[in-house]
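Q: I've got a model open and I'd like to learn how to read its cavities and its interface. Could you walk me through it?

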Protein chains: 2
Amino acid sequence: MLYDLKGKNKYYTLYSYIRDDILSGKIKSGTKLPSKRALAQDLSVSVITVQTAYEQLLAEGYIYSEERSGYFVAEVNVDFHGKRELPCEEETERGCKLDLVNGTAVELFPFSVWAKLMRKVLSDCGEHLLERVPCSGDGELKRAVAAYLYRARGIDVDPRHIVIGAGAEYLYGIIVKLLGRDKLYAVENPGYGKIAATYRLNGAEYVCVNADVSSADVEKSKADVLHVSPSHQYPTGAVIPAAERARLISWAVGGRYVIEDDYDSEFRLSGKPLQCMYSLCPDRVIYMNTFSKSLAPSMRMGYMVLPPALYKRYLEIFSNFACAVPLFEQKTLAAMLDGGYFERHINRLKNYYRGIRAAVTAKLKALPVPCRIHDTGSGLHLLAEFPTAPSDEFIKEEAEKRGIRLKCLSDYLLAPAEIIKCCAVINYSGATYEKLEI
Amino acid sequence: MLYDLKGKNKYYTLYSYIRDDILSGKIKSGTKLPSKRALAQDLSVSVITVQTAYEQLLAEGYIYSEERSGYFVAEVNVDFHGKRELPCEEETERGCKLDLVNGTAVELFPFSVWAKLMRKVLSDCGEHLLERVPCSGDGELKRAVAAYLYRARGIDVDPRHIVIGAGAEYLYGIIVKLLGRDKLYAVENPGYGKIAATYRLNGAEYVCVNADVSSADVEKSKADVLHVSPSHQYPTGAVIPAAERARLISWAVGGRYVIEDDYDSEFRLSGKPLQCMYSLCPDRVIYMNTFSKSLAPSMRMGYMVLPPALYKRYLEIFSNFACAVPLFEQKTLAAMLDGGYFERHINRLKNYYRGIRAAVTAKLKALPVPCRIHDTGSGLHLLAEFPTAPSDEFIKEEAEKRGIRLKCLSDYLLAPAEIIKCCAVINYSGATYEKLEI
């Protein structure tokens, strides 16, 4: 087997290559797979990578094991698998060397610090780790998050009103249960499709408003709840100016809510971000953020700050339920925040992405076609407009030929809207210097 | 402070005692609290218990700290707190020495094994722990669960069709999203109220069927989905006989589903449980179980086995989402299952509960009033009927006078139904020999 395993998620890539070869019939059923050690040596990866890939294939029934003789390809029912059931959309596409759609710099995660803190929590807390966690999360982590929000965002938050949840989508689901399925949710267009999808999945209807969010637009939409990223919209990079924020707050004060999704405030490159909308009106704004982007995608942890009245309702509904995030992870993250490790990690990331951004910009400028770069103000993505390109499809095809996966602004449209044409969204959050040298 | 901290959750009990005393005005605002060390000594608990309680109070704003001088009681806004917002309903009530409603024998959790496996996973997997987990869970854990189900329940399950989730309620939510909010869900009556509440919270309607579930009853209910615990109903202990199971399967085959909630199959005392309904018809039965009861309540981990067609739909809907359970916990549990530690733990628990059950039975028989014990076939609860008691309320009040918290069968009624009157549900899952000596 001669697979190219460059990329952030070696085990997954290996697993999907073998799976695809089994499905396409390239590897016949009954074939013996190479031993873990041999394949690891062949591909210059660790044995554990091969083992994890084999285990995934085993778990999904693509291969079977025979004691003392190894792993064999199973008879796969192609009918069942015909549709290529991918465990994750966000896998790196085969043959894609540089993914400019998704990714995190997992390589930069301070794993040794994290492991050290985990060991410390394990011995410090001991059996306390088995205790039931209140629905809104561990008090220590809530206090650490409040202190961090004060330091990083200047928000004065009552730790009581924080809710810790298993990632952003999990929290959106709680919001729908809190505010009601009968409410109309406004989402930004173009925007991050998963937000709209999550509202619909939870049984609520959504309506689109222009990504340059204006109160007039929102009012016209008849929405009850507005989901925005006022400090940095994805993918357009739009920022809601102060006067407009005030108008949106007036709109909300009449019984409505604003969800302030501050998803990448850590990565702003230039200047201080505008004051949070939450600070303008803590009674009408739900502030939310996640650690999946800043720490690791496997870290399913996000949080929201609820207005006092909503927090009351939250307890009425959820106090019987347990928090979905294990206490162990909560205590470790609290130690990371309180010990200043998180902020040190963010600073390291920012420096790193500053360099990556410069390298990406240089690459774009060196292209033999005109390219206009639009600054989105964030350290994680930029917009590259190709005014002479015939179409968005053309841009993506040209990129694909070079092993690059990317999306255009139009791919983020949830409904028709005026956007820049032939404009690529260059999300370099998963890029490395090595990968940029394609 | 002279608090009695007997009970399973010392930190929480201490926290709630102090909180209540602050709310009731017994401890005035501005009062300095004793140092952690001093209070720990006074109450004969560890410093970490006091620290955790103080931190929770701090996080919730009941106390504040001043550098180098200690903790002080905050000015508490009684309006906001008037309603006593409890983080968890399931706290041990103040003055209650024996809780016969909730609980787990956390004391018996093999913590040292768990900690050892955690350390092993941490060093074996290293940075792999940061990788994104496919929505349905880690392949290794799915395989371990399938192997365990085969050993323990004789079910032959394709590991691919297993979905790992953050606890039972989380999985109910996924089921509603999979099957649809427009479906009518039948739940057992009397029954575990949280199941019905979760369906409603997720926007689905439910209808009650008699706990002695009969296909005629289910048919009459017009339900599309039946949620049952066929091997052991809670609280009645009813078991659905084989002939009735077959009729229910025929009912389901016409486009309907059965959710087989096998929540305490590990704790059956006598004989082998009946064959799972899942094995009768893997196309129409969703099998589910959780580890919260058998390991620890903080372990938010459950799983379900989906029929192939539903698993396909599951991937279509959820493949973009990440699994809510951290990979770290998944790998540790897989190691616990594969290493045989889980089954050893369960056997230890069963022996322990056999003793507790005998002690409880002896206590009941020694009462100066007639008491008829109904065997529910499980090692975690029994029914005690008091034919001469005037009312259910009387039984609970008499128990409360003795520091015992319990519920009667009538407390589990979701709708009117014929049940045994004056019948206490003695759930001794959180009882210890020490606590039984009230």
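Q: How many residues line the largest cavity, and which of them lie nearest its centre?
A: Keep in mind that this is a predicted model. The largest cavity is lined by 38 residues. Nearest its centre are Tyr170(A), Ile174(A) and Lys177(A) from one chain, plus Tyr170(B) and Lys177(B) from the other. Its volume comes to about 640 Å³, and the model has 11 cavities of 30 Å³ or more.

Q: Which elements supply at least two residues each to that lining?
A: In chain A, they're strand E4 (162-165), helix H7 (168-179), helix H8 (193-201) and helix H12 (308-318). Chain B brings its own E4, H7, H8 and H12, with those residue ranges repeated.

Q: How do the residues of the lining divide by type?
A: There are 26 nonpolar, six polar and six charged residues in the lining of the largest cavity.

Q: How much area do chain B and chain A bury between them?
A: The general idea first: interface size is often quoted as the accessible area lost when the parts come together. Here, chains A and B bury about 7,300 Å² between them, with 61% of it on carbon and sulfur atoms. On the chain B side, Leu130(B), Arg132(B) and Leu201(B) lose the most area to chain A, together 10% of what that side buries. As for contacts, 81 residues of chain B touch 81 residues of chain A.

Methods:
Residues numbered from 1 in each chain as written. Chains lettered and ligands numbered in written order. Predicted model: local features only at pLDDT ≥ 70, side-chain atom pairs only at ≥ 80, totals over all residues. Heavy atoms only, no water. 1 Å grid on protein atoms, 1.4 Å probe; cavity = no way out; pocket = protein on both sides within 12 Å on 5 of 7 lines; lining within 4 Å. Points joined across faces, edges and corners; volume = space filled by probe spheres on them. Helix = DSSP H or I, 4+ residues; strand = E, 2+ residues; numbered from the N terminus. Nonpolar A, V, L, I, M, F, W, Y, C, P; charged D, E, K, R; others polar. Contact = heavy atoms within 4.5 Å. Buried area = accessible area lost by both parts, 1.4 Å probe.
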